[in-house]
Amino acid sequence: MRPLILAVSVLLSLLLSEALLAATAPPRDLTGWEWRWGDSPRDASGTPAWLDDAGSGEWHAIDFPSNPPGRAGQEHLWLRTVLPEGEWRDPVIYIYSIDLIAQFFLDGEPLYQYGEFDDQGRGHFAGWPWHMIELPEDFAGKTLHVRIFSDYTDIGLWGEARVMDRLDVLTMIVHRAWDDVLISAFSLLLALLAGSFALIGAQRQSLGAVALFSLAASTMILAETQFSQLLLDRPLLWDSLAAAGYFTLPVGMGLLLTHWLSGTPQRLMGILWRLHLAYLGAALGLSQLGLVTVASTFPPFDLMLSITLPLMLALAAWHLRRLETEQRWIIGSFALMAGLLMADMAVAHGLLDWRKVPVSLGLLAFSLAIVGVSLWHYRRTQRQLSRLNRHLEEQVRERTAKLDCLVRKLEGFSYEDPLTGLKNRRYFDELMQHEASRADRDGVPLSLIMIDLDHFKQINDQYGHEAGDSVLMAVAELLQDHFRDADVVCRMGGEEFVALLPGATTERAEARAGELVERVRRLTLHHGDQALPTVTLSCGVATYPCHSREPIALLGLADKALYQAKYQGRNRSATWSSLAAEPLPPAAAG
């Protein structure tokens, strides 16, 4: 049942993503990068001189903006490229990660900064989050400069750098994290299960090692997934949790394998896991005291792990024939996970081209093998395990539903006005195109009512913008209640709204507009304990095909009708057919 639920959820998510991507340009990798070592001098105004250094021969081409040749202790790097063209609704630059802190300039002007630079152009490690940098509408063809400081083993951008639509980035993050979040939840439940059995069972050391490993795996997976940044935007916290989980893994492995071995292999395995335990305590303690950064603790650990992992496998293989069948399965899954960890380390340090190494699948395989052994030795507790498995399935379904809900929310944020909860101008423009085409194709009427609050500026000026916002929210709630289900009300901006009435004739639209004017006139308004004055509104009505041969022209006609209502004294509705031919004076506005 669970695989079917996951398959259906993934399919729905993919279909949603395709529908959203169809309306915007696809992601574009940033190419044509150039680099130069050092930090730019400043001109008289304090602006980096290299921002206006188009003809300098110091710039060199590079395929991806990371780790140029000849570093030789350099800690400052400048990068530049020209941003591509494309039709994105809400364009951003997506970057997987940065080593370590950076400033971005677009066409010579500051665009984005991550981390704090001191007078020498240096700074402290601020974490390894992903970045989503907002771009202006006219970014295409402009030069992007990136100033970077790093005292880490790597320097520059890392993983991916591309121009995308904001909603595409968020949807991609959710989809990428799907498996990791579920595996993290699974590992956490395994840790609770093994820990509970360790308290009441006979094989406490073995089950305690299982619980420790599963907890470390769960923490590492969740902390390293990009989804964690959506849960809590605290990069340093997540990196510290990832380090704690990562550094604990060989301790849990060593404890488990030590329990199965004997003689010299057992003693050597004990030395290895105690060595890792000492590093775990020293690294986390020094980083918490501020004596080292979290980033600086990873390279020494990776070097140590690249030596101890093969040694652990060799010691386990030494006694492989003496082990039981289920224990051999665990050794096999351990070997798989070790290989994935080594590959991930090679990618992290630039020994392999960047790719997403599925370390979580190796951890899942190892955890599943451990579960098999636990079940093998605890057959009498099958009823308890069955209840816990059902609970796990419920948790998976719940998390699957939450992820689906998050994707739907991300879509809704793009089309919703945050103040009133009504649909926004972007949604109206797309809906208008659709309804206009349908009305023209089917030959059915389509009416549009432009709505504007009269003298709204006076409320803001006299009572403050918070009071004005409360008026807008009250009017928006009335608009939602006033119009029928098939009608759509959108906030165009400020105090201006629009109602689109598919299938409504002119008479029907005029009646709805007139009733609306009367309802608003009777509306009682308060802001806190303060009573607000009565507000009125003016409406402009236009209908296809009565007033225009083209449905798409209704917006302009209704807008002119609205100004006619303003000119006639406000607090009323006017219809396009009653307009005079000459233009209205400017005093009709407001």
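Two strands count as paired here if DSSP finds at least two bridges between them, and helices (H or I, at least four residues) and strands (E, at least two) are DSSP runs numbered from the N terminus. All views come from a predicted model, in which local features need pLDDT of at least 70 and side-chain atom pairs count only at pLDDT 80 or more, while totals for chains, interfaces and linings use all residues. Residues are numbered from 1 along each chain as its sequence is written, and side-chain values use heavy atoms, leaving out hydrogens and water.

**View 1. A five-stranded open sheet with mixed pairing.** Strand S11 (residues 446–453) and strand S13 (residues 496–502) pair in the antiparallel sense over seven bridges, and here you can find Asp452 opposite Glu496 in S13. Strand S12 (488–493) and strand S17 (573–575) are the edges, each pairing on one side only. From one strand to the next, the twist averages 20° (axes are lines fitted to C-alpha atoms, for helices over the stretch in contact, and angles run from 0 to 180 degrees between N-to-C directions).

**View 2. Helix H13 and its residue His482.** H13 lies across S11, S12 and S13, running at about 155° to S11. His482 belongs to this helix, which spans residues 465–482. Is His482 buried or exposed? His482 is buried, because its relative accessible area is 5% (buried means under 20%, exposed over 50%, partly exposed in between, with a 1.4 Å probe and protein chains only). Beyond its neighbours within four places in sequence, His482 is in contact (heavy atoms within 4.5 Å) with Arg512, Glu515, Leu516 and Arg519.

**View 3. A four-stranded antiparallel open sheet.** The order to follow is S1-S10-S5-S8. Strand S1 (28–29) and strand S8 (131–134) are its edge strands. Helix H2 (residues 166–200) packs on the sheet, touching S5, S8 and S10, and its direction makes about 125° with that of S10. Eight bridges join strand S5 (residues 91–99) to strand S10 (residues 156–165), with Pro91 opposite Asp165.

**View 4. The largest nonpolar core, of 55 residues.** Such a core is a set of buried Ala, Val, Leu, Ile, Met, Phe, Trp, Tyr and Cys residues joined through side-chain atoms within 4.5 Å. Residues with the most contacts inside it are Tyr246, Phe247, Leu249, Met253, Phe334 and Leu363. Elements giving two or more residues to this core include H2, helix H3 (204–224) and helix H5 (235–260). Leaving out residues up to four places away in sequence, Tyr246 touches several residues, including Met220, Phe298 and Asp302.
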